[in-house]
Amino acid sequence: MAQSKATKKFEKHHLKDVLERRKGLKKTKQQQQLKARKQARRVEENGGAAAVEANAALAKDGAKKSGKDAFQDMSVDDFFQGGFEVPELPKQKGAKRKRQDDVQDDESEASFEEQPVVPDEGSSGSESEDDIDHKEQLDALAENDPDFHKYLQDNEPGLLGGELADIGELSDASVEPERKKQKKSKADDSDDESKGGGKNELDTVTVKRWQQALTEQHSLRVAKEVVLAFRVAAHISEDEEKDFKYSISDPDVYHQLLTTALKHIPTVFEHHLPVQESKSRKVHVPTESKKFKTLVPLLKSQISSIIHLLDNLSDAATLRLTLSSTLPLLPYLLSFKKLVRDIARAAAAVWSTSSSPESTRIAAFLVLRRLVVIGDSGIRENVLKAAYQALVKGSRNTTTHTMPGVNLMKNSAAELWGLCSDSGDGVAYTTAFTFIRQLAIHLRGSITNNSNESYKTVYNWQYVHSLDFWSRVIASHATAATSPLRPLIYPLVQVTLGALRLIPTATYFPLRFQLVRALLRISLTTGTYIPLAPALHEVLNSAEMRRPPKAATLKPLDFATAIRAPKAYLRTRVYQDGVGEQIVELLSEFFALWTKNIAFPELALPVIIMLKRWLKEVNNRAKGKGNQNQKINTSIQLLVQKLEANTKYVEEKRAKVDFAPNNRRGVEGFLQDVEWTKSPLGAFVVGQRKTREEKTRLVEEGRQEEERREQSQKGKDKGKMVGNGKSGRGAVEVESDVSDDEDEMEDFSE
């Protein structure tokens, strides 16, 4: 029998909530029955068993009767359309159950992602009437019969409520009941007032005693004091006066406290509430346990202090220690989305800071990576957005010195998108599509806007690095036909081609070469044909390459770290030589991708014809025509020869095949057993790469030598400041634990 429309609608929107509500009702009923048995046993021991049984029987009969009357005249269709409305139970015995049903009804209307696993605060609002009555009864019992109350406390702590049960579980390391806290705080306040001071000055003995208690006993009471003192250390550089419990004036105490809080507080959390991790890297923290609720205030305070430190610290060693201490605490944060978002933004800010050492940036990236691995789809989306925004912000200023750091960010962020694409929740595709669409909107605005400055929203380092970053993401994680990121190839290629043709002047030839390299990366890894030869031929046909250049003594322009040629370089021989080298390199790299393709002769023929025509025009020296640059003309002529040689090589191999052009398997397997370096064009490209690598190595050695000189000079200046008594405070001399991860990440800066 086919299901009705109402039934399907109910199963789609309400069935899951109803099942969860039934489970909750069943659990509540079991708890009430257990409580009733214990209470009946206690009353029976005092001689009142008969009266208790009679009252329980009456209450049970009344509940059955009310439930029976509520459902007696209801049809099945009305039952499904009503949304499983549970009838109201008698108030005198079922008030707690009804109240819980109302809460569950409200929670079922919210989405799963909006519901936190536990409340944000340590307490869950006002106490219920039953809890208040229960506490009053316990207070009366403690006053009237203290021996019996003590017996229950030792043997039946569950009957006395959550507070005494917590004390029984955590012993000396637990938090005292709320009333004792208030009394103690009042007593402390009165003591402080009598002493005349509101803060306690920390000393080395106290911090060492705390460290010993955390290491040996894992005491939660001591952990609370350390967290309170750590908050003072995190805000010590602020000018505003805040009401903190402790004060710190000794730099040694500050360093020791910072190290103690960052190293030992995570071990206390792991001791009292171990994290369960499955083989699929999914973590589980028992958030419904009482210990977790006890640890929540400590966790929030610790993470808030860490976030404040990450935003204000400048010492590399302290930053690494702070970031590495955050990793063990991340599983406990998954229930608090706001804290996760804040810690992701703070780590991304450190990761994108160009002045930070590479090891510190790797430590920050490991925090982002851990969140992506253990978090849900909402956390992954927040981390990806924070990483991309930090990447765009950190790539604004690009020089020879900052380029390795920018490459580190792009390659490491590409790994984050790869991890999300493997999870299969669609977050990687949706976020990537949103950001690529944003780039397309900026490009369209620059094209449609007629102002002279509109092109600057596209022709800047941030836009170029964004396109290059997405090319790395596609090249790394869209190679398989089933990859969720593969549909992004076409829109990204279209946006990149539109950007490189926006301003076709000689000033922005370096930007065009940057974007062509990004497209070559996509074409190489995904096997997608992208027509790049016309974009490079447009450069050859420009006036910059067809006219005689001017002599100049400028140093060669570094095209790897430039998107705009300075005005002094235009129409000079130095710039013309550099542009010619880039064209030969990129054209040869483009055709090297298809050097074994069976259609290579047809692909190369139009380009060979255009290059020969260009050579004929620029070599005409009659009446001052031509560029009169033999170096460039010779290199272009050599490229034409290699293209013709490779064409003949493919034609000879193609003449020996015995399959038709419509045989796709035969076409794809053409020259599959031959290395591309064995072809004429492949051997030429390999030689070019070796020459460029040697040149790049020499440039990099010069850059590193210059950095060493600058650092040595800074060290001398710092030594002079220390000698004059101007040394600052805020650095912690510690070893970071992220050195083992640097080997895994060393290729990110390439």
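In which hand, left-handed or right-handed, does α27 pass α28 in their crossing?

A: The model is a predicted one, in which local features need pLDDT of at least 70 and side-chain atom pairs count only at pLDDT 80 or more, while totals for chains, interfaces and linings use all residues. Residues are numbered from 1 along each chain as its sequence is written, and side-chain values use heavy atoms, with hydrogens and water left out.

α27 passes α28 in a left-handed crossing, meaning that the near helix is turned anticlockwise from the far one by less than a right angle (clockwise would be right-handed). Helices here are DSSP runs of H or I with at least four residues, numbered from the N terminus. Helix α27 spans residues 600-618 and helix α28 residues 630-654; their axes come within 10 Å and cross at roughly 155°. Such axes are lines fitted to C-alpha atoms over the stretch in contact, and angles run from 0 to 180 degrees between N-to-C directions. α27 is therefore roughly antiparallel to α28, a term for angles over 145 degrees, whereas those under 35 degrees count as roughly parallel. The residues of this contact divide into 14 nonpolar, four polar and five charged. Ala, Val, Leu, Ile, Met, Phe, Trp, Tyr, Cys and Pro count as nonpolar, Asp, Glu, Lys and Arg as charged, and the others, Gly among them, as polar.

From α12, the contact (heavy atoms within 4.5 Å) involves Leu-258, Thr-259, Leu-262, Lys-263 and Pro-266; from α14, it involves Thr-318, Leu-321, Thr-322 and Ser-325. These residues divide into four nonpolar, four polar and one charged.

In helix α11 (residues 220-234) lies Val-222, which counts as buried at 15% relative accessibility, the limit being under 20% relative accessible area with a 1.4 Å probe and protein chains only. Leaving aside neighbours within four places in sequence, Val-222 is in contact with Trp-210, Ala-213 and Leu-214.

Turning to aromatic residues, the structure holds 20 aromatic pairs, defined by ring centres within 6.5 Å, with the six-membered ring used for Trp. Phe-590 and Phe-591 form an edge-to-face pair (planes over 60 degrees apart), at 5.1 Å centre to centre and 70° between the planes. Both Phe-590 and Phe-591 are buried.

Methods:
Helices (H or I, at least four residues) and strands (E, at least two) are DSSP runs, numbered from the N terminus. Buried means under 20% relative accessible area, exposed over 50%, partly exposed in between (1.4 Å probe, protein chains only). Rings of Phe, Tyr and Trp (its six-membered ring) pair if their centres lie within 6.5 Å; planes under 30 degrees apart count as stacked, over 60 as edge-to-face and the rest as tilted. Angles under 35 degrees count as roughly parallel, over 145 as roughly antiparallel, 65 to 115 as roughly perpendicular and the rest as oblique.
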